[in-house]
Amino acid sequence: MYQISVIIPVYNVDKYLDDCIKSLIKQSIGFENLEVIMVDDCSTDNSSMIMKRYERQYENVKCIYLKENSGSAGKPRNEAIKIASAEYLMFLDSDDLYYENACEILLNTIKEKEVDLVSGYYIVFEETDGYDDNIFVGKDIKEKVYLMPKDLKDITELKNGFWCKIYKKNVILQNKIEFPENIIGQDSVFFWRYLFKVNTLYYISVPVCKYRQRKKNDKSVSYELIKKHFDDILESMRLIKELFDENGLENEIKFVFKEINEYYINQLIESDFDVGVLGKILNQWEWVFRIARKDETDAYTGIVMSDIDKSDMVEAANKIILLRRLKHYNVELEEAQKWWKKQAAGKDEVIKKLQGSQEWWKSQAAGKDEVIKKLQDSQEWWKEQMEEKDKIIGELQLSMDEVKKWVKEVEQARDWWKNQAENKSRVIADLQGSKG
C-alpha cells in the first residue's frame with residue numbers, strides 16, 4: 001500500500017520532466033512508498049515518451065494519456081484522483097521539484113498533529129537568476145494548528161503554494177471536491193473547496209517545493225493566451241467568492257483578495273493590451289478591485305485605483321498606458337545606472353593601468369638621452385669607418401696601378417725572352433750549315 005499518491009499533470013515539459021521525477025525518486029520516505037500518477041494532456045513534444053520510460057521502469061509509476069487537450073491542469077488532476085490508491089495526496093507540477101524530505105515531513109506532520117491539511121512553503125527559482133526567499137517571508141505565520149473558519153484571516157496567508165501541501169483523499173472523495181476544468185487558477189478554487197469541508201490546518205516552516213518561474217520576461221506569449229489568463233483568473237475568483245457567500249463569509253473574501261490589486265494592475269501595465277482591451281478588462285474586474293481596495297502602497301496601483309474608485313475605466317486604461325511607458329523608461333534608467341555603476345567600479349583599475357603606463361613612458365623618456373648618445377656615438381663610429389673606407393679605397397687604387405705596371409713589365413720581359421729564343425734557334429741553324 002502506497003503512503004502518498006503524488007499527482008503530476010504533464011504538458012510539453014520534456015525539458016524539465018526528468019528532473020521532476022528524479023526529485024521524487026530521491027525522497028527520504030522511499031520512492032517505493034509513493035504512487036506517482038502522471039497525466040499527459042496531449043503533449044506535442046517528447047513528454048509522453050519520458051512518461052512511458054518511467055512507467056516501464058517502475059511499478060509505482062502510473063500514467064494516463066488524455067485523448068484531447070483540456071487547456072488547463074484541472075482535468076488531468078481530476079482524472080488522477082480517480083485512480084489514486086494512497087490515503088494522502090500531494091500535487092506537483094511537472095517543471096517543479098520537491099526537496100528530498102518533502103513527502104516524509106508532510107506525511108509525518110499530518111499524522112502526528114491529526115489535522116486535515118499541512119502546508120510548508122516553497123522557494124521560487126529561475127535558471128538564470130537563482131533562488132528567491134521563502135514565498136511567505138515577511139508574513140506573520142506561526143507553526144501551529146489553524147482552525148476553520150475561526151482563523152480564516154490567518155489561513156488566507158497560506159493560500160499560495162498549492163504544491164507544498166498534503167491533503168486527505170477521503171475528504172476529497174466524500175465531499176466530491178473537484179478542480180474546475182478549462183480555466184487557469186483552478187488550484188486556488190480546489191484549495192478553498194477543500195478548506196470549507198475541513199476544520200484544521202497546520203503550518204510548518206519548512207521548504208517543500210522548488211517552484212520554477214518560467215517565461216518571466218517572455219514577451220512572445222500570444223494575445224489570446226494573455227487575455228484568457230485574465231478571463232480565467234477572474235472566473236476562479238468568482239468561484240471562490242461564491243464559496244464564501246455560500247458559507248456566510250462574504251465579508252471575509254477581502255482577505256483572500258487583499259494582494260490582488262497590486263499584482264494584476266501591474267500585470268496589465270506589463271501587458272501589450274491597447275486602451276480598448278484594458279477598458280474591458282477593468283470593467284470586468286471592477287468588483288474584484290473594489291473588494292480588495294486598501295491604502296495602496298504601490299504608486300502605480302494607487303494611480304489606477306483612484307480612477308477605478310470613480311468607475312472611470314477609460315481614464316484608468318489611459319493611465320495604465322502612460323504608466324507602462326514610465327515603467328519601461330525606469331527600466332532603461334536602471335539598466336543605464338547599472339552600466340555606469342559597473343564602469344565606475346572598474347575606474348580604479350583603469351586609473352592604475354594608466355598610471356602604470358605613465359611610469360613606463362617616464363622611464364622610457366628618462367633613458368632617451370642615453371639612447372640618443374648611443375646613436376650619436378654610433379654615428380661617429382660609422383663616420384670614421386666611412387673615412388677609413390675612402391683611405392683604403394685610395395690605397396687599393398694605388399696598389400692596382402703598381403700591379404698594372406708590374407704586369408706590363410712582365411709582359412715586356414716575356415716578349416724579350418721570346419725574341420731571344422727565336423734568335424737562338426736561327427743562330428744554331430746557321431752554325432750547323434757552316435760546319436757542313
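Keep in mind that the model is predicted.

Start with strand β4, residues 88–91. Which way do its side chains point? Tyr88 and Met90 go one way, and Leu89 and Phe91 go the other.

Now the neighbours of β4. Strand β1, residues 4–10, runs parallel to β4, and 4 bridges join the two. Ile7 has Phe91 of β4 as its bridge partner. Strand β9, residues 165–168, runs antiparallel to β4, with 2 bridges between them. There, Leu89 stands opposite Tyr167 of β9.

Next, the lysine. Lys327 sits in helix α13, residues 313–345. Is Lys327 buried or exposed? Its relative accessibility is 17%, so Lys327 counts as buried, since the cut-off for buried is under 20%. What does Lys327 touch, leaving aside residues up to four places away in sequence? The list is Asn266, Ile269, Glu270 and Tyr300. With Asn266 there is also a polar contact, side chain to side chain, of 2.9 Å.

Last, the second largest pocket. The space in it is about 160 Å³. Which helix gives the most to its lining? Helix α8, residues 223–246, with 4 residues. The lining includes Arg193, Phe196, Lys197 and Glu242. By type, the lining residues split into 5 charged, 4 nonpolar and 2 polar.

That's the tour. Questions are welcome.

Conventions
Residues numbered from 1 in each chain as written. Predicted model: local features only at pLDDT ≥ 70, side-chain atom pairs only at ≥ 80, totals over all residues. Heavy atoms only, no water. 1 Å grid on protein atoms, 1.4 Å probe; cavity = no way out; pocket = protein on both sides within 12 Å on 5 of 7 lines; lining within 4 Å. Points joined across faces, edges and corners; volume = space filled by probe spheres on them. Nonpolar A, V, L, I, M, F, W, Y, C, P; charged D, E, K, R; others polar. Buried < 20%, exposed > 50% of the residue type's maximum accessible area, 1.4 Å probe, protein only. Pairing = 2+ DSSP bridges. Polar contact = N/O pair within 3.5 Å; in protein donor to acceptor, adjacent residues only side chain to side chain. Contact = heavy atoms within 4.5 Å.
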